[in-house]
Amino acid sequence: MNTLHNELYSQPYDPAHMEPVTTVLYSVKNNRIVARKISSGGLEVVEFVFDQQEMANVIENHIEIQFALYQFYVMSSDYKDTLTRSNEKISCGIHYPNKGDKLKHSTLSNLLSIFDSLIVVYQKNKAKVSGILSSLDSKTTIYRLYHSLYIDSRLNPFIISFIDHTKGCKLEDGATEVYRFQPREDDVQAAVLDHTEMEAIHYLEQQLQLSDECFTFVCLGWNEEDVAESTTLIKLAKYFERIYVVSTQNRFRSQLLAIYKK
């Protein structure tokens, strides 16, 4: 059986499923978190103490922040080009399970130790966070720190594997070829994951539960041989049946990885 099968897929959009939302903007001023809640009644502003955290520890110990910054890191692999686009704001997305209308203060302090500001959309059972990197200093610091953590193997093994395969590739326009990853069942059954790899699996399961259809992230530079020999993808396939690779058109070169709900 071939490892890859060319398929089309879609992500249906149904406006009837839209839920009431509350949007809150978070930033730090004078060592306090400032929360600006936007609602039909106007703007409500509250403040509370900001507990600054050490950036490397926050990234290393929080898989959701690792995955969010991984996208930024890979997309900014041409570091000189990143510096020339210093005025661009970078948005990194994370979904958190949430019951109520606010994230924990500890979660907000962790996030604001990394990002310049946050835009959080609170829905019925989740909080959709956009972590914003707006200043050149912030983007430079995060890029260098993330690179250092990668070099020192302090990131999750799945993320390290994805970075290893980028091979200097960039996300290209017109990447519309979609393939389903279907490894041999014997290989999937034989796969063994350690506790750090399982941490990534649990995170992906959570993100799928909170998503409408799938979880998609950058996956650059894989060719057909890489996919066929990949223990990384086989380990993912042990827990996720529907894995798709989005490739460039003229030749197989991965661009994105999409993991779908069953």
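The legends below describe close-up views of a predicted model.

Local features are given at pLDDT of at least 70 and side-chain atom pairs at pLDDT 80 or more, whereas totals for chains, interfaces and linings use all residues. Residues are numbered from 1 along each chain as its sequence is written, and side-chain values use heavy atoms, with hydrogens and water left out.

**View 1. The protein chain as a whole.**
The secondary structure comprises 10 helices and 11 strands; helices (H or I, at least four residues) and strands (E, at least two) are DSSP runs, numbered from the N terminus. Of the 262 residues in the protein chain, 45% are buried, where buried means under 20% relative accessible area, exposed over 50% and partly exposed in between (1.4 Å probe, protein chains only). Among contacts (heavy atoms within 4.5 Å) between residues at least 6 apart in sequence, 71% join residues at least 24 apart.

**View 2. The open sheet of 6 strands.**
The strand order is β4-β3-β2-β6-β7-β5, with antiparallel pairing; two strands pair if DSSP finds at least two bridges between them. The edge strands β4 (42–49) and β5 (90–97) each pair on one side only. From one strand to the next, the twist averages 20 degrees.

**View 3. Strand pairs within the sheet.**
Strands β2 (residues 22–29) and β3 (residues 32–39) are antiparallel and share 7 bridges, with Y26 having A35 as its bridge partner in β3. The hairpin of β2 and β3 has 2 residues between the strands, and N30 takes a positive phi near 55 degrees there. Strand β2 also runs antiparallel to β6, to which 6 bridges join it; T23 stands opposite V121 in β6. Strand β6 (residues 117–122) in turn pairs with β7 (residues 126–133) over 6 bridges in the antiparallel sense, and I119 stands opposite S130 in β7.

**View 4. Packing of helices α2 and α5.**
Helix α2 (residues 63–75) and helix α5 (residues 136–151) pack at about 105 degrees, with axes 10 Å apart. Axes are lines fitted to C-alpha atoms, for helices over the stretch in contact, and angles run from 0 to 180 degrees between N-to-C directions. The two helices α2 and α5 are therefore roughly perpendicular to each other (angles under 35 degrees count as roughly parallel, over 145 as roughly antiparallel, 65 to 115 as roughly perpendicular and the rest as oblique). Helix α2 contributes Q66, L69, Y70, F72 and Y73 to the contact, and α5 contributes K139, I142, Y143, Y146, H147 and Y150.

L69 is found in helix α2 and counts as buried because its relative accessibility is 0%. Apart from neighbours within four places in sequence, L69 contacts I59, C92, I114, F115, I142 and Y146. The C-alpha atoms of L69 and G131 are separated by 9.4 Å, although these residues are 62 residues apart along the chain.

**View 5. Helix α8 against the sheet.**
Helix α8 (residues 195–210) lies across β5 and β7 and runs at about 85 degrees to β5. Its 16 residues reach 23 Å from the first C-alpha to the last, close to the 22 Å expected at 1.5 Å a residue; the expected span is 1.5 Å times one less than the number of residues. Buried residues of α8 include M198, I201, L204 and L208.
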